[in-house]
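Please walk through this model from one end of the chain to its cores. Keep the viewer open as you read.

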Amino acid sequence: DAMHLAGMERAAKKAAWIMHQAKPERHAYLHAKGFEAATGPVWWPDEGNNLLCIPMRYREGLCGVQMVSRQGAKKFLAGQRTSHAEYVIDNSGVGARHWWVEGYATGLSLREALKFLRLRYVIHITFSASNLRAMAHSGVVVADHDESGTGERAAVETGLPYYLPPPGDFNDLHKREGTVRAALLLQQWLKGSG
């Protein structure tokens, strides 16, 4: 309806404004996820508060932003579109495989592993299990191994091959085992899954 659309439009405009304000900086959340040297788009809504801002796109357009606090609390803009919204990291080229994950840190860890394996990739960060289930259409899912089983259920429902790390997500595996070991575990699984 019109009000819903107007809300989505307002949120998209606000997202564009926030992304324009955000500057590449290190952030406590990235540090906590094992990316001490990494920078991301960081916005300071006030002096005491900085948020890591992950742009969310629907088709080609910016539709919103996921804002992550230093403590890892995540929120979206009021009224923004989250359904079928994604953030893509790719080094696409001939033979690039599509990879589907829920979270940003998982996507960053997966990129490190795929770079180590010298693979071409298009990593789709979908921000939730339900969105992953709705969007993943080809390629491979790297599921979150959560206690509730939500991540694995979503992966199964895509009908795509999926890698389920030990309890936690791929970022937890990467932090615990390091890039080489995480990459080799993934490679071993890929060989087995055809």
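The paragraphs below take up a helix, the strands and the nonpolar cores. The model is predicted.

Start with helix α1, residues 2-21. This helix has 20 residues and reaches 29 Å from its first C-alpha to its last. That is close to the 28 Å expected at 1.5 Å a residue. Gly7, Met8, Ala11, Ala12, Ala15 and Ile18 are buried in α1. Seen down the helix axis, the buried residues fall within an arc of 140°, so they line one face of α1. The face turned away from this buried side carries the exposed residues Ala2, Met3, Glu9, Arg10, Lys13 and His20. What do the buried residues of α1 pack against? Their partners are β2 (40-46), β3 and β4.

Strand β3 (residues 49-58) pairs with β4 in the antiparallel sense, over seven bridges. Here leucine 52 stands opposite valine 68. Two residues lie between the strands of this hairpin, and arginine 59 takes a positive phi near 55°. β4 also pairs with strand β5 (residues 74-76), again antiparallel, over three bridges. In that pairing, valine 68 stands opposite lysine 74. The hairpin of β4 and β5 has five residues between the strands. In its turn, glycine 72 has a positive phi of about 95°.

Now move to strand β7, residues 97-101. β7 and strand β8 (residues 121-125) are parallel and share five bridges. Histidine 98 has valine 122 of β8 as its bridge partner. Between these strands the chain passes through helix α3 (residues 104-116), and this β-α-β crossover is right-handed. β7 is also joined to strand β9 (residues 140-142), by two bridges in the parallel sense. Tryptophan 99 stands opposite valine 140 of β9.

Finally, the cores. In soluble globular proteins, nonpolar side chains tend to be buried together. The largest nonpolar core here has 35 residues. Leu52, Trp99, Leu110, Ile123, Tyr163, Phe170 and Leu186 have the most contacts inside this core. Which residues does phenylalanine 170 contact, leaving aside its neighbours within four places in sequence? They are Thr106, Ser109, Leu110, Ala113, Val142, Tyr163, Pro165, Ala182 and Leu186. A second, separate core has ten residues, including Ala11, Ala22, Val65 and Met67. Ala11 is one of the buried residues of α1.

Terms used
Residues are numbered from 1 along each chain as its sequence is written. This is a predicted model: local features need pLDDT of at least 70, side-chain atom pairs count only at pLDDT 80 or more; totals for chains, interfaces and linings use all residues. Side-chain values use heavy atoms; hydrogens and water are left out. Two strands pair if DSSP finds at least two bridges between them. Helices (H or I, at least four residues) and strands (E, at least two) are DSSP runs, numbered from the N terminus. A crossover is right-handed if, with the strands pointing away from the viewer, the path from the first strand over the helix to the second runs clockwise. A nonpolar core is a set of buried Ala, Val, Leu, Ile, Met, Phe, Trp, Tyr and Cys residues joined through side-chain atoms within 4.5 Å. Buried means under 20% relative accessible area, exposed over 50%, partly exposed in between (1.4 Å probe, protein chains only). Contact means heavy atoms within 4.5 Å. The expected span of a helix is 1.5 Å times one less than its number of residues. The arc is that of the directions from the helix axis to the C-beta atoms.
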